[in-house]
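These are my notebook entries on a single structure. I looked up its strands, its helices and the surroundings of a few residues, and I wrote down each result in turn.

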Amino acid sequence: MCSGKSAVQGGHYRCTSLEYDVILTADSAMQPIELIVGLANPGPEYAQTRHNAGAWYVAELARLHGTQLKEEGKFFGWTGRVRIAGKDVRLLVPATFMNRSGKSVAALANFYQIPPESILVAHDELDLSPGTARFKQGGGHGGHNGLRDIISSLGNSKDFFRLRLGIGHPGDKSRVAGFVLTKAPATEQTLLDAAVDEAVRATDILFSDGMPKAMNRLHAFNADSTK
């Protein structure tokens, strides 16, 4: 997985059964995904912290599809365009801090008239273990400040899709802020990288064969062979 700086030009980024039923029900009339967002904090001091897992995914997606993200001021972030399974898709990594992610997402979505249900937001997920990832549509923010701001900035719509990249939980709520803003140890980072790689493969399946098949692939994956 490309976890270094090369994937972003000039930058430093490099189920439950209920969730499954919601996706399957929605898929028959599912809006095509037109925008994929990877959440992160800006700057080299945050580039390899757990909170930036969403940006790692978007950077790897860009790299594998032969493009580099470029800073675009009017969208307050790093943007690019790729074609996945013949479909045109915009990529975005907000250059705002995490709790202002909605400013960037809304700016691009409003400009290109992309509805919430055509947006996929990739983010770090405390409630999933490292080495796992899940697709999901809708739901609350779960305490994630990036999701909270996106929901608010999209007119309180929760209808966008999410890619939840597991980072694990430190065990106590008081330790969460420090946990997400630090780097994972090397053995754990290997699991995070493997889950990002698998999520990229599942994204190709999403566009070629639909969400149910993408979920079948991704939700069966666990990079941690001990689990």
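This is a predicted model: local features need pLDDT of at least 70, side-chain atom pairs count only at pLDDT 80 or more; totals for chains, interfaces and linings use all residues.

**Entry 1: strand β4 and its neighbours.** I then looked up its partners. β4 pairs with β3 in the antiparallel sense, over 8 bridges. On that side I found Thr79 opposite Leu92 of β4. The hairpin of β3 and β4 has 2 residues between the strands, and Ala85 in this hairpin has a positive phi near 55 degrees. With β1, β4 runs parallel, and 3 bridges join the two strands. Here I noted that Leu35 has Arg90 of β4 as its bridge partner.

**Entry 2: the whole sheet.** Next I asked in what order the strands of the open sheet stand. The order is β2-β3-β4-β1-β5-β7-β6, which makes 7 strands with mixed pairing. I looked for the edges and found β2 (70-72) and β6 (133-137) there. Each of these two has a single partner strand, so one of its sides has no neighbour in the sheet. On average, neighbouring strands are turned by 30 degrees against each other, direction ignored. I also checked the pair β5 (residues 119-125) and β7 (residues 161-166), which is parallel and has 6 bridges. In this pair, Leu120 stands opposite Phe161 of β7.

**Entry 3: helices on the sheet.** I then turned to the helices. α2 lies across β1, β3 (77-84), β4 (87-94), β5 and β7, and it runs at about 130 degrees to β1. Helix α3 (residues 101-111) also packs on the sheet, where it touches β1, β3, β4 and β5. The direction of α3 makes about 150 degrees with that of β4.

**Entry 4: helix α3 in detail.** Is α3 largely enclosed or largely open? I counted 8 buried residues among its 11, so the helix is largely enclosed by the rest of the structure. The buried ones are Ser101, Gly102, Ser104, Val105, Ala106, Ala107, Leu108 and Ala109. Their cover includes β1, β3, β4, β5 and α4 (145-153). After α3 comes Gln113, with a positive phi near 55 degrees.

Leaving aside residues up to four places away in sequence, Ser101 touches Leu39, Pro94, Thr96, Gly146, Asp149 and Ile150.

Entry 5: In the model, His51 lies in the loop between β1 (35-38) and α2 (53-64). It is buried, with a relative accessible area of 12%. Which residues does His51 touch, not counting those up to four places away in sequence? They are Leu39, Ala40, Asn41, Met98, Asp124, His144, Val180 and Leu181. With Asp124 there is also a polar contact: the side chains of His51 and Asp124 are joined at 2.8 Å.

**Entry 6: His144.** As His144 is on the list of His51 contacts, I looked it up as well. His144 lies in the loop between β6 and α4. Its relative accessible area is 9%, so it too is buried. Apart from residues up to four places away in sequence, His144 touches Leu39, His51, Met98, His123 and Asp124. I noted one distance: the C-alpha atoms of His144 and Leu126 are 9.2 Å apart, while the two residues are 18 apart in sequence.

**Entry 7: the nonpolar cores.** Last, I looked up the cores. The largest nonpolar core has 41 residues, and those that touch the most other members are Ile36, Tyr57, Leu91, Leu120, Phe135, Leu163 and Leu165. Helix α6 (residues 186-209) gives the most to this core, namely 8 residues. A second, separate core has 19 residues, among them Val37, Phe75, Ala106 and Ile151.

Key. Residues are numbered from 1 along each chain as its sequence is written. Side-chain values use heavy atoms; hydrogens and water are left out. Helices (H or I, at least four residues) and strands (E, at least two) are DSSP runs, numbered from the N terminus. Buried means under 20% relative accessible area, exposed over 50%, partly exposed in between (1.4 Å probe, protein chains only). Contact means heavy atoms within 4.5 Å. A polar contact is a pair of N or O atoms within 3.5 Å; within protein, one must be able to donate a hydrogen and the other to accept it, and residues adjacent in sequence count only if both atoms are side-chain atoms. A nonpolar core is a set of buried Ala, Val, Leu, Ile, Met, Phe, Trp, Tyr and Cys residues joined through side-chain atoms within 4.5 Å. Two strands pair if DSSP finds at least two bridges between them. Axes are lines fitted to C-alpha atoms, for helices over the stretch in contact, and angles run from 0 to 180 degrees between N-to-C directions.
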